[in-house]
Amino acid sequence: MRALILVVLFGASLYPIVFVAISSLKTKSAFATNYFLPDRHVHLDNYRAAASEVLPSVWNSVLVSTATVALVLACGVPAAYAFAWRRFRGQQLIYTVAICTMMVPAVLTFVPMFVLVRDLGLIDTQWALVLPYTAGTVGLSVFLLRAFFRAVPQELVEAAKLDGSGDLRVLWHVVLPLSLPTLATLVTLNVLWTWNQFLWPLVTISSEEQRPVPVALAFLTGDRYNVDYPQLMAGYVLSALPLVVVLAITMRAFIRGMLSGALKA
C-alpha cells in the first residue's frame with residue numbers, strides 16, 4: 001500500500017514536467033485538439049522560435065546567478081569562519097544582527113531597496129539584481145556555514161595552528177575541504193533562489209537585453225488572447241536546462257550536505 005501511494009505521489013509530481021515536455025513538441029492546433037496526450041508528429045519549430053527569445057535571457061540569468069553565488073561565498077565563508085573559530089568583542093551581537101536579516105520579510109524591504117538601487121544608478125543593470133540577491137542570502141549562508149564549521153574537529157584546527165598555519169591557511173586547507181557538501185548545498189539553493197526571482201527583476205529591469213529568464217518568459221506569451229502555448233512550453237524547457245546541469249553536477253554533494261546536517265542547522 002505504501003509503495004502504491006509513493007508511486008501515485010511520484011507520478012503526480014512528475015506529471016507537470018512531462019506535460020510541459022510533451023506540449024513543447026506539438027503544434028498550436030494539436031495542442032488545442034489533443035491537450036493531454038502526445039502528438040504523433042514532433043514539432044521542433046517551437047524550440048527554434050523560443051530559443052531566439054529565451055537563450056539571451058538564460059545567459060543573463062547565468063551571469064546573475066554566478067556573480068551572486070560568488071559574492072555570497074566570498075562574504076559568507078570568511079564571516080562564518082570568524083564567527084565559528086575566532087573570539088572578538090561584539091561577536092555575538094554582530095552574529096545576531098546578521099541572523100536577524102533572515103527574519104525580515106522581503107516585502108518590507110522592497111521599496112527601500114528599490115530607492116537605494118535607484119539612487120545608486122543601478123536601475124536596468126545586472127548589479128540591480130546581484131547586490132540585493134547577495135544581501136538577501138548572505139545571512140542564511142553565514143548561519144549554515146557557521147554551524148558546519150563549528151562541527152569541524154577542534155583538534156584538526158589546533159594542530160594546523162601549531163604547525164604555524166594562519167587562519168587563511170586553516171580555512172583553505174582544513175575547514176573548506178571538509179565542508180564541500182555544505183558548500184554544494186549552499187550553491188544549489190542560491191542558484192535556485194536567484195534563478196526563480198520574478199517580481200524584483202520585473203521592477204528594476206526594463207530593457208529587453210538585461211531581462212533574466214522568468215521575466216523573459218512572461219513576455220514570451222505575447223498577446224494574452226492568442227498565446228502560443230507550445231512555444232511557451234519550449235521556452236520553459238530551455239530555461240530549465242541550466243538548472244538541470246547544476247543539479248546533475250552538485251546532486252551527490254547536495255544530498256551529502258543535507259544528510260550531514262547542512263539544512264538542520
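Visitor: Which helix supplies the largest share of the lining of the largest cavity?

Guide: The helix is α3, with three residues; helices here are DSSP runs (H or I, at least four residues), numbered from the N terminus. This is a predicted model, in which local features need pLDDT of at least 70, side-chain atom pairs count only at pLDDT 80 or more, and totals for chains, interfaces and linings use all residues. Residues are numbered from 1 along each chain as its sequence is written, and side-chain values use heavy atoms, with hydrogens and water left out.

Visitor: What makes a space a cavity, and how many of 30 Å³ or more are there?

Guide: On a 1 Å grid over the protein atoms alone, a cavity is a set of points where a 1.4 Å probe fits but cannot get out, whereas a pocket is an open set with protein on both sides within 12 Å along at least five of seven lines. The structure holds one cavity of 30 Å³ or more, and about 60 Å³ of space lies in the largest cavity.

Visitor: What classes of residue line the largest pocket?

Guide: Its lining has 14 nonpolar, five polar and no charged residues. Ala, Val, Leu, Ile, Met, Phe, Trp, Tyr, Cys and Pro count as nonpolar, Asp, Glu, Lys and Arg as charged, and the others, Gly among them, as polar. Ala106, Thr109, Pro132, Gly136 and Trp193 lie nearest the centre of this pocket, and α6 gives the largest share of the lining, six residues.

How values were computed:
1 Å grid on protein atoms, 1.4 Å probe; cavity = no way out; pocket = protein on both sides within 12 Å on 5 of 7 lines; lining within 4 Å. Helix = DSSP H or I, 4+ residues; strand = E, 2+ residues; numbered from the N terminus. Points joined across faces, edges and corners; volume = space filled by probe spheres on them.
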